[in-house]
Protein chains: 2
Amino acid sequence: MQLTDLPTPSLVLDLDRVERNCAAMLERARQHGVTLRPHLKTAKSADLARLASSGPTWPITVSTLTEVAYFAAHGFRDMTYAVGIAVHKLDTLAALHRKHGLVLRLLADQVATIDAVGRRAAELEARFELLIEIDCGGGRGGVTADGRELLELARAISAWPSLSLVGVLTHAGQSYATAGAGSIAAIAETERSSALRAATRLREAGFESPVVSIGSTPTVVWAATLAGVTEIRPGVYTLFDLDQVALGVCTVEDIAASVIATVIGHNPRSRRVLIDAGALALSKDQSANAFAEDLGYGLVATVDGARVMAGLRVAEVHQEHGLIAGPEPVDGAGTDDLFARLPIGARVRILPQHACMTTAPYGHYDLVRGESSEIIARWHKASGHTVTTSDWSPT
Amino acid sequence: MQLTDLPTPSLVLDLDRVERNCAAMLERARQHGVTLRPHLKTAKSADLARLASSGPTWPITVSTLTEVAYFAAHGFRDMTYAVGIAVHKLDTLAALHRKHGLVLRLLADQVATIDAVGRRAAELEARFELLIEIDCGGGRGGVTADGRELLELARAISAWPSLSLVGVLTHAGQSYATAGAGSIAAIAETERSSALRAATRLREAGFESPVVSIGSTPTVVWAATLAGVTEIRPGVYTLFDLDQVALGVCTVEDIAASVIATVIGHNPRSRRVLIDAGALALSKDQSANAFAEDLGYGLVATVDGARVMAGLRVAEVHQEHGLIAGPEPVDGAGTDDLFARLPIGARVRILPQHACMTTAPYGHYDLVRGESSEIIARWHKASGHTVTTSDWSPT
């Protein structure tokens, strides 16, 4: 089976690049002396997780019940659920916990949540490990490392025999809002020092905090030191994307996931080449455009991935249509050239703006290696929100 | 089962509103004397299609192979595949065609496509009906109603015994880029007259063109006349959304699909309420914001849908987090009030920016009627790109 035999749009993974990305991050973690607990919200694939994580416990990070169920069914036992928990999810989590013997770590940053979770866990005769979420500047979840809430949360957790405090976790989401090694390194240091400060305060108050967990791909790539940190949770580095290129975290040659599309039309009036990959196949994410020249909804590469086609971008998306634009024409001569480069029926490879958003809805990856067009494997994956736990039947 | 028993995020459908939206459009079609061939790319549900279409042939419009397979498996036989076709999709379409006895209409706007489709259809011993796509100003697919290409396409179709020309089709995509009854009505007239002009030219040249198909939700709602048109293909009216509200096509009370989410956090520093519905649960679409005050990534309603919560919007989305913002605080007093309105564990209903994007990844709808919290049914649906035909097993 070849790339040209796939239905389009299809999601393709370059296994050479995935292996390189995963090995590089494992080596980075080794050098820093920290555990790599990769965030699988990006790739949602058990096959990929086996490259990204490592033994003996194969720790991973997830962010939905679907992902917990999927990875548990595929043999993963050590998971951190890195989105603030809602108490009604405990019944499902407790059932998965019991069935698979999971080590399942949950986040909390509210006494109300801790008390509700503690009570429900006791009713379910389940035990959960809790991490206190720290807000190191992202303004999303978490309490500050220095505020009084931190110790109140620790005391609230300690009051429940069904819960055990295992440490602190933070995510410098603001690292996606800046570009370049220097400014990202500064955020990485804030992320590290905030987590460490919170863990130190807990320890000084007599609480145990063995886990000091930080990470986003940009901060762990550019951090100068991870002293005091025990684990990192990057995710998008497994696939990389144009957003990470724009932030200065990787190069276009590191992007491992892409979408294969077919040219279905030429419109000389709008100077657009139509492809059968639109807003659902690519997503409407345009994160990279804050830090790069206009990359539209993705760049256009040759179908074998060998080179990016200069000057082309997916300029417009509708539900199932993508519209590729070329360079502005000189003397009105540009369109014919654009259409000749991308004839009707030709296939192209679209490099995604944001891999997490583009890959989410697909049910599988078709794998190639480098510039070979041969499909060497199909990796099934969990999808975004398509499977609720009640529908999910692990095989 | 109640709304409060659902896992979150969940996709909910108000059946009262769906029935009203579907009945109103059927009545509009009846008054105009045209066939309603609803576009099911929006709702992707056979149960909903039975409300939106009508006998004896139950015509529908679709835009992916997944949708063709899904609706064929659920008994629909008369479909128009309203995205320019790629020849490699014919094998799957021919197999579905043969298995289910479909009437399957495909689009073409390129001689190269017609020749490739005609040849492959002949090899597969299949016959397809073709519609010539007309570009009435959207700059997407199609040829102009007045250009020489129109008759060249008709001649190319006629040359293939495996193909039959059945008419013309256009979609005024530009109706989404303007707001208000007057300007939309002007676009509707361009859409109607372009399609009619193309059909007339075909007929004058001796070709049959029984089908004159137009439509987007905005244009069919505001068209003054549909004289000469034979069918309309609106889609988003089945569910409606904030984008259609912003365009002046419906009111907030017409929005039938929404996402139920749980409050999982309060961040006093960023003045945000965190919910467990983020970019994958809601989409990153912000179409409505071009024509309305900032609606963020959706408006916040009470969980029973009874009222929109004044001043609240989903201001920020990350993969699985949504961040709700309230009105700007006066004298620093705003945050406490916001958090009191949305306590930890509370449920809210998010009204979507763009229903086609928000609903696509979900596997089913849970149904309520009006402000009742009782779940009266679950409707399964096709998902966006999650099922390729090779995975699809109709029951």
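This is a predicted model: local features need pLDDT of at least 70, side-chain atom pairs count only at pLDDT 80 or more; totals for chains, interfaces and linings use all residues.
Local features require pLDDT of at least 70 and side-chain atom pairs pLDDT 80 or more, while totals for chains, interfaces and linings use all residues. Residues are numbered from 1 along each chain as its sequence is written, chains are lettered from A and ligands numbered from 1 in the order written, and side-chain values use heavy atoms, without hydrogens and water.

**Exercise 1.** Determine how the rings of B:Phe71 and B:Phe76 are arranged.

*Solution.* Rings of Phe, Tyr and Trp (its six-membered ring) pair if their centres lie within 6.5 Å; planes under 30 degrees apart are stacked, over 60 edge-to-face, and the rest tilted. The centres of B:Phe71 and B:Phe76 are 5.7 Å apart and the planes stand at 85°, so the pair is edge-to-face.

**Exercise 2.** Classify B:Asp78 and B:Arg37 as buried or exposed, and locate their salt bridge in chain B.

*Solution.* A salt bridge places a side-chain nitrogen of Lys or Arg within 4 Å of a carboxyl oxygen of Asp or Glu. For B:Asp78 and B:Arg37, the closest N and O atoms are 3.1 Å apart. Buried means under 20% relative accessible area, exposed over 50%, and partly exposed in between (1.4 Å probe, protein chains only). B:Asp78, at 10%, is buried, and B:Arg37, at 2%, is also buried. Helices (H or I, at least four residues) and strands (E, at least two) are DSSP runs numbered from the N terminus. B:Asp78 lies in strand 4 (residues 78-81), and B:Arg37 in the loop between strand 2 (35-36) and helix 2 (46-52), 41 residues apart.
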